[in-house]
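Keep the structure open while you read.

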Amino acid sequence: MTPDVPDVTVTVIVYNDAERLPRAVESVLRQTHRAIEVIISDDHSTDETPRVARELAARDARVRYLRLPENSGGCSAPRNRAIDIARAPYLMFLDSDDELPPRAVESLLAAHAEREVDFTMGAVRRVRVDTGRTSTWMPHLVAERRTVEGIAAEPGLFFEHLSTSKMYRKSFLDAHDLRFPEGIHYEDQLFSARAYCLARAFTVISEPVYRWYTEPYGAAASASISNQRHKLSNVRDRVHVQTLIDAFLTDSGHEALREAKDYKFLKHDFRMYAGDLPYRDEDWLRGFTEIVNPYLAGLAQGAYERLPRAERVVLQLVRDKRLAEARVAARGLGHGVAPRAVTAGPGDRLYWGDRVPSSPAARRELDVTDLELDTRPFPTAQFRHEITRVERGGGAALRLAVRTYDPGLRLPVGPQVARLVVTPGRRRLTVPFRLDPVRPGVFEGEAVLDLAAASVPLTGFAGTRHPLLQLTSGRQRNSGLLLAPLDLPTLRAHVPYRAGLAPHVITAEPEARGAGRLQLTWTPVGPTPHILRPLTPLVTDPRATRLRKAAHAAARALR
């Protein structure tokens, strides 16, 4: 390229994000490949963003500032306006709350130089703002460097629908009039589907090219569109963009890719909502089914058949509007949690729930015979352990009423020895208790979990643990999740310094998402271990000693 023409234009879109905009822009200016242009495309911000953007442009001649005359309410318009004025032959896109790794431009541009392709794409590193933990987005899709001769060769790449992980040839976008759809949410999904289908070839590299900051527990007002799943409008927007993708596939002659795209919707988009079902009220669930069921009815059966059985069960319960049962089933997704009950039908088939489904479609989807509930090896056998009641004891003691469901009838008749296991430090806290049969396949018992008895390091322990319920059969063990009541109020206790153990505040609550496991969080408090003094518990109760004695007596009785 001539010295005054950049090799790559990176568009940074922004709206009311003056605080984080400099970090995003600086990540572009620090790229190892220097011949770049940065366009800050401002969707008519009302905070200090215009001032900050102008200052950034004044400090570096590679930065240009574009301000839209009015707010568009989305990502598409600011990106499209920047495409129209971009001077470089290659384009990238960055959101103001994210960053580019230092070699992102160099790596993607080098892949373009190796072979003429329409776009190149690389790995996205996700960073949790609250914990700092990092992970790779869809790592299996970017593990191997390769050139793909059209999306039909690898339709699984539909799962990687981010526009920000790619570097596009501008002439490719212009030749197909490929722009971001304005006036809708989830615009990346439609844009990326079109790009995949229209590209003759594209190259995948394994190097990280985008740093995506996620804040799953951030304030609702600033939550990303993907983190607003509690809004039915969000569901409606996501389904709407799927219909647009379907229409494009049909109109462009890519109808053969529908099953792959349908599978991506079920496995990724619907799966996110499915994990939230236990936390939604009846009105929301009814509204959800009204939105998704008409769309689900038109998806390819082959897409359903590629899903794990647990996900097919949730989908069918939603389609049948068995909403209370859908909530129950959704708590086990991804964790190997058994149904509460199964029903035997013709041909020795087993069906989820307390009845044989009436329709052939429902029988096909709710058939759980392949889970091998009654035959799989005991360490991997599926049970369901639910806390039905929690009572506060003294100090940090909790009295838990536990119900275990054994739909495969794996446990022998009679009382069972069970153990609660939690490991906040190097040593496990194990609490034995008895589960008594109440009817075939259902056991109940009570355990006293005294968290003050947990051995934590002298220097303290800061972290979260989820207790497991352990069953034994001969010498084999089976450890399963302990599901908490989702309406369980948060409980806190102060465990004072004792016998060389650091003082802590321990919080017990249900997990905020997913299965809703019982979640215990230790937070060190007080002075350093060298000057620790006994502290008075925040919560005292004369029943604490009696509860601990009862637990020890029950343990001795089971030996």
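Ala493 has Ile506 in E21 as its bridge partner. That contact belongs to the pairing of E20 with E21, which is antiparallel and runs over five bridges. Strands here are DSSP runs of E with at least two residues, helices are runs of H or I with at least four, and both are numbered from the N terminus; two strands count as paired if DSSP finds at least two bridges between them.

This is a predicted model, with local features needing pLDDT of at least 70, side-chain atom pairs counting only at pLDDT 80 or more, and totals for chains, interfaces and linings using all residues. Residues are numbered from 1 along each chain as its sequence is written, and side-chain values use heavy atoms, leaving out hydrogens and water.

**The sheet**

- E20 and E21 sit in an open sheet of four strands, ordered E17-E22-E21-E20, with antiparallel pairing.
- At the edges you'll find strand E17 (463-465) and strand E20 (491-495), each pairing on one side only.
- From one strand to the next, the twist averages 20 degrees (axes are lines fitted to C-alpha atoms, for helices over the stretch in contact, with angles from 0 to 180 degrees between N-to-C directions).
- Strand E21 (residues 504-510) also runs antiparallel to strand E22 (residues 518-524), and seven bridges join the two.
- Along that pairing, Glu509 stands opposite Gln519 in E22, while His504 faces Pro524 in E22.
- Why is E21 largely enclosed by the rest of the structure? Six of its seven residues are buried (buried means under 20% relative accessible area, exposed over 50%, partly exposed in between, with a 1.4 Å probe and protein chains only).

- As background, most residues other than glycine have a negative phi.
- Asn16 isn't a glycine, yet its phi is positive at about 50 degrees. You'll find Asn16 in the loop between strand E1 (8-14) and helix H1 (21-29), and at 29% relative accessibility Asn16 is partly exposed.
- Asp177 also has a positive phi of about 50 degrees without being a glycine. Asp177 lies in the loop between helix H5 (170-175) and helix H6 (187-198), and with 57% relative accessibility Asp177 counts as exposed.

**Salt bridges**

- The structure holds 53 salt bridges (a side-chain nitrogen of Lys or Arg within 4 Å of a carboxyl oxygen of Asp or Glu).
- Arg51 pairs with Glu48, their closest N and O atoms being 2.7 Å apart. Arg51 is partly exposed at 40%, and Glu48 is partly exposed at 44%.
- Asp174 and Lys170 meet in a salt bridge at 3.0 Å, N to O. Both lie in helix H5, four residues apart, which is about one turn of the helix.
- Glu325 forms a salt bridge with Arg355, with 3.9 Å between the closest N and O atoms. This pair links distant parts of the chain, 30 residues apart: Glu325 is in helix H12 (residues 323-330), and Arg355 is in the loop between strand E11 (349-352) and helix H13 (360-365). Glu325 counts as buried at 19% relative accessibility, while Arg355 is partly exposed at 39%.
- Which residues are linked in a network of salt bridges? Arg81, Asp84, Lys170, Asp174, Arg179 and Glu182 are.
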